[in-house]
Amino acid sequence: MTRKLIGVVIFIISVIFVLILNSNIGSIPSIGKLLSPSHGFWSNIDIQENKGKQVEINAIHGKVTIIYDENHIPHIFADNEEDLYYAQGYVMAQDRLWQMEFITYVASGRLTELVGEKALELDRYHRRIGLKKSAEESIALLTNDPLTKAPITSFTQGVNAFIKKAKRGYLPIEYKLLGYQPQEWQPINSALLLKYMANDLTGTDNDIEYTNALKKFGREIFDILYPDYPASPDPIIPIGTPFHFIPLQAPLKPANASLNPNEKVAMYKNPIKPFLPQRGLGSNNWVVSGSKTSSGMPILCNDPHLSLSFPSIWYEMQLNAPGINVYGVTLPGSPGIVIGYNEHIAWGVTNAGMDVRDWYTVETDASNEKYLIGNKWEIFEKINETYKVKGSKNHSETIKWTKIGPIVYDSQFDTKRNKLDLVMSWTALKPSNDLKTFLLLNKAKNHQDYLKALDEYWCPGQNFVYADLENNIAIKEQGRFWIRYPEQGKFIQNLKDANVKNILNYFIPNQQNPYILNPERGFASSANQIPVDKNYPYYILGFQYENYRNRRINEVLTQSKDITIDDMKNLQYDNLSIHAREALPIMLPFVKNTTNEQGKEIIQKLTKWNYITNYDSDAPSYFYKWWAYFETLAWDELKKTDEADFIYPESYTSINIMKNHPNFPLFDIEGTNKNETLQDVLNISFDSTIAYFNRHPEQKEFRFFKNTSISHLAQIDAFSKKNIKIGGYAGIVNATSSRWGASVRLIIDFSNGKIQGYGMYPGGQSGNPGSNAYDTFVEAWTDGKYYRHHFYKNIHDAINNLKEEK
Amino acid sequence: MKIYSFIIQIIAIAILSWLICLIAPWWSFVIIAFLSGLIANKHGAFSFWAGFLGIGIYYLTSSTFSSKGDGFEFVNQIGKVLSSGAENPISGILLLWVGTIIFAILGGLFTLSGALLLSNEPSNKIGSGKAKSRTKGLKLDLKRYQ
């Protein structure tokens, strides 16, 4: 009897032990599950040889064959499109499920459910800017259009088929570490992903900063700091190109549009600006026509610069079914291919950089239920939002919507704010079916198809570069861009003076967006610069126009002839800094009299420097550190404070000011008795640079100075890579800074009457850190190597080729 | 002969635990351990060690087999994650042993409780002296309850 009792006691203790090991305690996941050899991290180790691996899955109508090549790139062969997109969803989820779902948590403002209170402000920001609401409205469009309905529905089914399987055995490691399970995939997740990208690429503007600067410094200084056109622009559409169309009338500027200097609206603090790209980063694409290549046929290149992260932003694959055969990279979570080529054409994208987000002050009535718009009182639409917070109680709030967009900042969200609230109008909030563009491009056969596909595209505005087997090349900046009166949207506006119709529906017609077909110079290119010169009949406002990479690409392409694939590889890895080339000749003479020995040495190195920013040289570290100190001192009046947001001028504008306005009043340093000049500012910042490298001698080598890292999306250091040996920086064609860089490099060659792609990206096909395909490409990406794409005509071609290679 | 049945029990626990965990939750191996205790109904100490070794073998072989391709590289990364940025992170090998011991103890306890719950006299008397000396390590003096 006693023996039995002891047995019962041991049994109960053991069961309690199991229950404890099975529970998530606070942020600690289930230890039992995590340690389990069959369910825990051990089961995420996935080392295998993929070449020629053939998998068959049962899709909606029948079997689909997936063949993996040596890079773990799936080539999907289906008998119909529904099965094709089903398999795409399945295969993508198999490699990237956690990433796909995590991004939808971010976009829909639900991160608190996974990581608790620390994500609350970010979640609130994402809900307050309306990403979820616009995704919900967009999915209605996507599922009502026959062209996108089937792909999105089949894709969803495929993802869910994998989730079902994964829950039985295999789940990505992040679920285990964060202690949660994947939820059923919904079509809206794909729409959320596209809106997330819209936020990533257009969710920024300078309205608040410009308003503050104009109020603080006045018009004359403002115009020197923030001109609409760079001093020496090199736009996408070459200077002097005529525009043969009759433009629509710009809206009339409201009488009260100018700022009242006494109004206490200016000094807003913009509390959260997540994921903002560093300046000088964006993307490059170009296409050279047969007249400039050694083969006599076009070559198209594209390297979009995005945040460097694990799992990689892109997933590479081939989709093949009757009526479609396309190869390229795509965003995990959405059907189709975003950048790539088919048997007839190729296309690539860069961000347009057009300002499509405006802010308005709003007047409300005493009850706070109504607001004044276009001099009429309207009632707010109220949306209640509840945030489930892991390990804490729920948080709720009501977000007020006007006809043109939500109140993002008010006393609820930014407690330092005075009573004036800010309404946001943003083209990304309009429901749109941008996916349709990509699905149409995937099947496009010619230049007309390309233009037709682009007609469907809204946001984020992109520069779509194009080439085909007929030797045509083209580029078009496409998106919905407001027709504005000059400076409309550059500053905070008053909602009471706004014209609702203009804000909601007055856009530059698609056929009048910047576009060029077969340009005379034999190439077309874009690098986030201003798209047009002043001949363009519409007012153009960008939030951040590049003016170095574009000029470097254009100078190289202009000088080149008989271009080969290797030339294009070299250009994608070009490390020349025009920034340094233009700034140093102005800066160095000011410090030539330094008596400091180290200073003399630095001057000598910078004087001899060829402006190439290789990872192992020290001159770039000296230059960029000196530049950073110079900006901090010269533009000390533009330092962000708790009361006000400011922004530095673009560095090319700073160079222009040094050159053409050497006595610019802002060179004076605030809070000193002396009236500092450019000479003083450059000398003080130079001395700081010397001192900095005395303190941090290890950072003289450029790679340690910039510390290029690829970080895991959930910021798990062990799954990240640091101090990558790669040159380049912001404003350089090889735009690799600390966190940003070429998220993929693609070169697509049209020689010999067929299309051949080459590519490389900083990561790997698998999102699983335990897989040998997680970071396969990082080293080759760093070294400037490319792999050759396998673009098969059909399944027999794939099998035969793989046999031959074996 | 009886030592063979002890070894067979260990191997059976290891294989069946591996099999059940392929289809059932991570903790399902404790069912195997418990049932084997009930069925084999050995001397308490033997039961404990049968469960301990059986599950230990399941853990060691299964996890070592999983990481054979990458030489513990991934498990070392997991050690770093679990050490949350400590200067000397937990190594993969340490994780392997921590996992093995936790799982093996669970296995031992469930097999033991299975054996004890069945009130019949234990069928295994052989080597009871050895068993006695082995049980010294355990806080529980099993001999008293026979």
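Reader: Which residues are linked with Glu121(A) in a network of salt bridges?
Author: Arg124(A), Arg128(A), Glu397(A) and Asp410(A) are linked with Glu121(A) in that network. A salt bridge here is a side-chain nitrogen of Lys or Arg within 4 Å of a carboxyl oxygen of Asp or Glu.

Reader: What kind of model is this, and how are residues numbered?
Author: This is a predicted model, where local features need pLDDT of at least 70 and side-chain atom pairs count only at pLDDT 80 or more, while totals for chains, interfaces and linings use all residues. Residues are numbered from 1 along each chain as its sequence is written, chains are lettered from A and ligands numbered from 1 in the order in which they are written, and side-chain values use heavy atoms, leaving out hydrogens and water.

Reader: Back to salt bridges. How many over all chains?
Author: The structure holds 33. One of them joins Glu487(A) and Arg219(A), at 2.8 Å from N to O.

Reader: Where do Glu487(A) and Arg219(A) sit?
Author: In distant parts of the chain, 268 residues apart. Glu487(A) is in the loop between strands E19 (473-478) and E20 (493-494) of chain A, and Arg219(A) is in helix H11 (residues 219-225). Helices (H or I, at least four residues) and strands (E, at least two) are DSSP runs, numbered from the N terminus.

Reader: New topic. What is the order of the strands in the open sheet?
Author: The 10 strands run E1-E2-E3-E7-E8-E9-E10-E18-E19-E21 in chain A, with mixed pairing. Two strands pair if DSSP finds at least two bridges between them.

Reader: Which strands stand at the edges?
Author: E1 (54-58) and E21 (515-517) of chain A. Each has a single partner strand, so one side of each is left without a neighbour in the sheet.

Reader: How do E1(A) and E2(A) pair?
Author: In the antiparallel sense, over five bridges. Ile57(A) has Val64(A) in E2(A) as its bridge partner.

Reader: Now the core. Which residues touch the most other members?
Author: Phe41(A), Leu225(A), Met568(A), Leu606(A), Phe623(A), Met658(A) and Phe667(A), in the largest nonpolar core, of 277 residues. Helix H3 (residues 81-107) of chain A gives the most to this core, with 16 residues. A nonpolar core is a set of buried Ala, Val, Leu, Ile, Met, Phe, Trp, Tyr and Cys residues joined through side-chain atoms within 4.5 Å.

Reader: What does Leu225(A) touch?
Author: Its contacts (heavy atoms within 4.5 Å) include Phe217(A), Trp635(A) and Pro649(A), not counting residues up to four places away in sequence.

Reader: Where is Ser654(A)?
Author: In helix H20 (residues 651-660) of chain A. Ser654(A) is buried, with a relative accessible area of 0%. With residues up to four places away in sequence left out, Ser654(A) touches Trp627(A), Phe630(A), Trp635(A) and Pro649(A).

Reader: Last one. Why is H9(A) called largely enclosed?
Author: 15 of the 16 residues of H9(A) are buried, so the rest of the structure largely encloses this helix.

Key. Buried < 20%, exposed > 50% of the residue type's maximum accessible area, 1.4 Å probe, protein only.
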